[in-house]
Amino acid sequence: MTAAIIDGKAISNLLRKEIAREVEEFRAETGITPGLAVILVGDDPASQTYVRNKERSTVKVGMYSEVHRLPAETSQQDLLNLVNELNNDPKIHGILVQLPLPRHIDENTVIEAIAPGKDVDGFHAVNAGRLLIGQESFLPCTPYGIMELLKHEQVELKGKHAVVVGRSNIVGKPVALLLLREHATVTICHSRTADLGAMTRQADVLVVAVGKPNFITGDMIKPGAVVIDVGINRVDDQLVGDVEFASAKEVAGKITPVPGGVGPMTITMLLKNTLLAAKRC
Ligand code: NDP
């Protein structure tokens with residue numbers, strides 16, 4: 001069997017066209033242009049690239065974009081002051097603080113300072129808590145993107161066994177909750193899971209967010225499973241996922257490639273959340 005490829009780039013492009021149309025409609029109805037502010041502290045090259053992509057994509061769908069580039073030595077208090085200003089700025093509907101922050105700044109304190117109604121990354125404890133108890137919230141962008149991919153591919157989740165490898169607050173835990181919300185039976189695996197392969201081989205849907213190149217191999221996958229590879233690892237100047245693509249695609253029914261799978265969906269869902277934030281305000 002050779003797996004069908006889930007083309008995240010194409011699905012993302014379709015969604016972005018839809019978002020651009022909705023932004024235009026919203027502006028025509030209300031006179032409001034949804035606005036996203038991104039804060040970047042320091043000069044980490046990967047973060048700079050992510051922020052540039054976010055800025056470009058925001059403008060491309062017709063939204064207002066503002067990027068605050070601050071020096072690495074910015075104090076926590078100055079950063080909190082900026083977040084507070086943006087919380088009160090009517091042009092801004094979504095605020096994103098690019099992570100990681102320099103070590104002298106406490107990420108949690110900064111995230112908690114963002115108004116929950118502008119927390120388009122979905123990392124604030126209020127939004128995380130709402131997700132847990134099934135209330136309306138801003139969904140974290142990568143898990144949200146994964147769910148959109150599964151929906152687009154018409155993957156049945158009800159009654160299926162979904163196995164999530166990784167339990168981070170930004171990917172593993174929230175995606176597990178979203179799969180549960182869709183009535184999958186969910187198993188969460190992590191670094192202390194005994195016999196990982198025995199778990200992953202039971203998965204009808206396998207989501208892998210570990211951060212280790214080629215970690216899940218074809219022999220760990222149930223024939224016909226849907227495999228979602230969240231990992232982004234740089235190996236010899238190439239991007240590879242957490243799933244060994246060559247062996248996995250011979251066993252899986254559907255699989256996301258890296259790059260071009262989950263990655264493009266993350267910014268798309270950030271744009272969707274920003275539009276939603278503007279509509280809710
Ligand atoms: P974290 O480092 O926060 O979490 C990694 C998880 O993997 C942890 O829960 C850890 O378990 C688990 N893990 C580590 N080793 C093993 C092991 N041997 N067996 C089973 N589980 C293990 O990573 P993130 O969730 O932030 O990111 C994961 C990957 O996804 C990275 O490659 C990252 O770059 C990528 N990513 C991609 C995004 C995208 O847009 N496509 C967005 C966000 C992340 P434990 O908790 O026990 O330590």
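These legends go with a handful of close-up views of a predicted model.

A few ground rules: residues count from 1 along each chain as its sequence is written, and side-chain values use heavy atoms, with hydrogens and water left out. As this is a predicted model, local features need pLDDT of at least 70 and side-chain atom pairs count only at pLDDT 80 or more, while totals for chains, interfaces and linings use all residues.

View 1. Thr-200 sits in helix α8 (residues 196-200); helices here are DSSP runs of H or I with at least four residues, and strands are E runs of at least two, both numbered from the N terminus. At 0% relative accessibility Thr-200 is buried (buried is under 20% relative accessible area, exposed over 50%, partly exposed in between, using a 1.4 Å probe and protein chains only). Its side chain comes to 2.7 Å from the backbone oxygen of Met-220. Setting aside neighbours within four places in sequence, Thr-200 touches Val-163, Val-165, Leu-206, Ile-216, Met-220 and Lys-222, where contact means heavy atoms within 4.5 Å.

View 2. Six strands pair in parallel, in the order β1-β11-β8-β7-β5-β6; two strands pair if DSSP finds at least two bridges between them. At the edges are β1 (4-5) and β6 (185-189), each pairing on one side only. Helix α7 (residues 172-181) packs on the sheet and touches β5 (161-165), β6 and β7. The directions of α7 and β5 make about 170° (axes are lines fitted to C-alpha atoms, for helices over the stretch in contact, with angles from 0 to 180 degrees between N-to-C directions).

**View 3. Where β7 meets β8.** Parallel strands β7 (residues 205-208) and β8 (residues 226-229) are joined by four bridges. Leu-206 stands opposite Val-227 in β8, and Leu-206 is also one of the contacts of Thr-200.

View 4. Arg-27 and Glu-24 meet at 2.8 Å, N to O; a salt bridge is a side-chain nitrogen of Lys or Arg within 4 Å of a carboxyl oxygen of Asp or Glu. Both lie in α1 (residues 8-30), three residues apart, or about one turn of the helix. Arg-27 is partly exposed at 24%, and so is Glu-24 at 43%.

**View 5. A salt bridge between distant parts of the chain.** Arg-280 pairs with Glu-136 at 3.4 Å, N to O. Arg-280 belongs to helix α10 (residues 263-280), while Glu-136 is in the loop between α5 (125-132) and α6 (141-152), 144 residues apart. Arg-280 is partly exposed at 37%, whereas Glu-136 counts as exposed at 62%.

Technical notes. Polar contact = N/O pair within 3.5 Å; in protein donor to acceptor, adjacent residues only side chain to side chain.
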